[in-house]
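This report describes selected local features of one structure. The sequence and the structure are shown first.

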Amino acid sequence: MRAIRFAESLSYDAAYSEPHPGNGECVVRVHLAGICATDHHIVRGYMGFSGVLGHEMVGTVVEGSEAWIGKRVAGEINCVCRRCDLCQAGLSSHCRERTVMGIAGRDGCFADLVTLPERNLHEVPETISDEEAVFIEPLAAAYQVIQQVPIEPRTRIAVVGSGRLGLLIAQVLATTGCKLEVVGRNPKTLLFCEKKRIQSKSVDEVRLKNDRDVVVECTGSPKGMGIALAMVRPRGTVVLKSTYAGKGTGARRHEGTEGGEEGGGDGVDLAPMVVNEVTLLGSRCGPFSEAINALARRAVEVSSMVARVFPIERGLEAFEASADPANIKVLLKINPR
Ligand SMILES: [Zn+2]
Ligand SMILES: [Zn+2]
């Protein structure tokens, strides 16, 4: 089968071996897949992963239990043991034995076929197109923020970072009616906010006055944390979505989030966190059901984020295109519906 794989370097393989489903697993024929920041970090050595990349997809089940065959699905990326202490404690996304699709110990979805445990699958309703469904995984990660932090209409909240994930988080936060502002660099993505009637500012113009109740940091750069700490109020909360996976941070084994610019988090001055008694909250994968509901009821709009779609054979070109900030989201077209 066709696949985009990473092993020291990124390559297109027209004859990668087809996957064999394990017990309780299904094979999904992938329609569309999304390239995200995490994929770029893996290519730079993050996670020490080798194999087929990709963890954002929509496809059709072609092998597995009768009940799933023919269904159009999106898939949760953490494949868990359900036996370890964390699984038993209801924290299965933190399973000690987990593999993660296209990120750790398991091939991903930039291929004709991918396997996933049946229990990871979510059927995609007909009202959601493939182009929208491919956003379910990152949108779920955006929903995780409001699962972790109570947000009310009077909550003053800033999203630092207007990349792919930042724009999804901003849209999710906007549904709560909170006092929201997005802080970013990319004029294209700030324009996207304006169209969605979400207040936004260039990072050079923003007030750093320690006056926000909550700041969500998703720049992927340690500098973003500095800005977040200058914006959050005393006793406020910073939600960290970036993974600064550089050398010397000891933070190489995280997955499923944006971020991870080279150079590490060593440069972040955390003193303001102590002085202002800030709560720091890490945030990774989130609830698929919330993301699917949001897309189905049109609470969040994602289609206009798609800048370019490449056939899988041109996957390397697609990777280059997705590194260009002018392209908010780049997709791989793998099989027709
Ligand atoms: Zn991702
Ligand atoms: Zn487990």
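## Helix 6

Helices (DSSP runs of H or I, at least four residues) and strands (runs of E, at least two) are numbered from the N terminus. The model is predicted: local features need pLDDT of at least 70, side-chain atom pairs count only at pLDDT 80 or more, and totals for chains, interfaces and linings use all residues. Residues are numbered from 1 along each chain as its sequence is written, while chains are lettered from A and ligands numbered from 1 in the order in which they are written.

Helix 6 spans residues 187-195, and T189, F192 and C193 are buried in it. A residue is buried if 20 or more other C-beta atoms lie within 10 Å of its own, exposed if 12 or fewer, and partly exposed in between, with C-beta atoms placed from the backbone. Seen down the axis, the buried residues of helix 6 fall within an arc of 100°, so they line one face of the helix; the arc is that of the directions from the helix axis to the C-beta atoms. These buried residues pack against helix 5 (164-174), strand 12 (179-184) and strand 13 (200-202). The face turned away from the buried side carries the exposed residues P187, L191, E194 and K195.

Strand 1 (residues 3-7) pairs with strand 2 (residues 9-13) in the antiparallel sense over 5 bridges; pairing requires at least two bridges found by DSSP between two strands. F6 has L10 in strand 2 as its bridge partner. The two strands form a hairpin with 1 residue between them, and E8 in the turn has a positive phi of about 70°.

Definitions and conventions. Contact = placed C-beta atoms within 7 Å.
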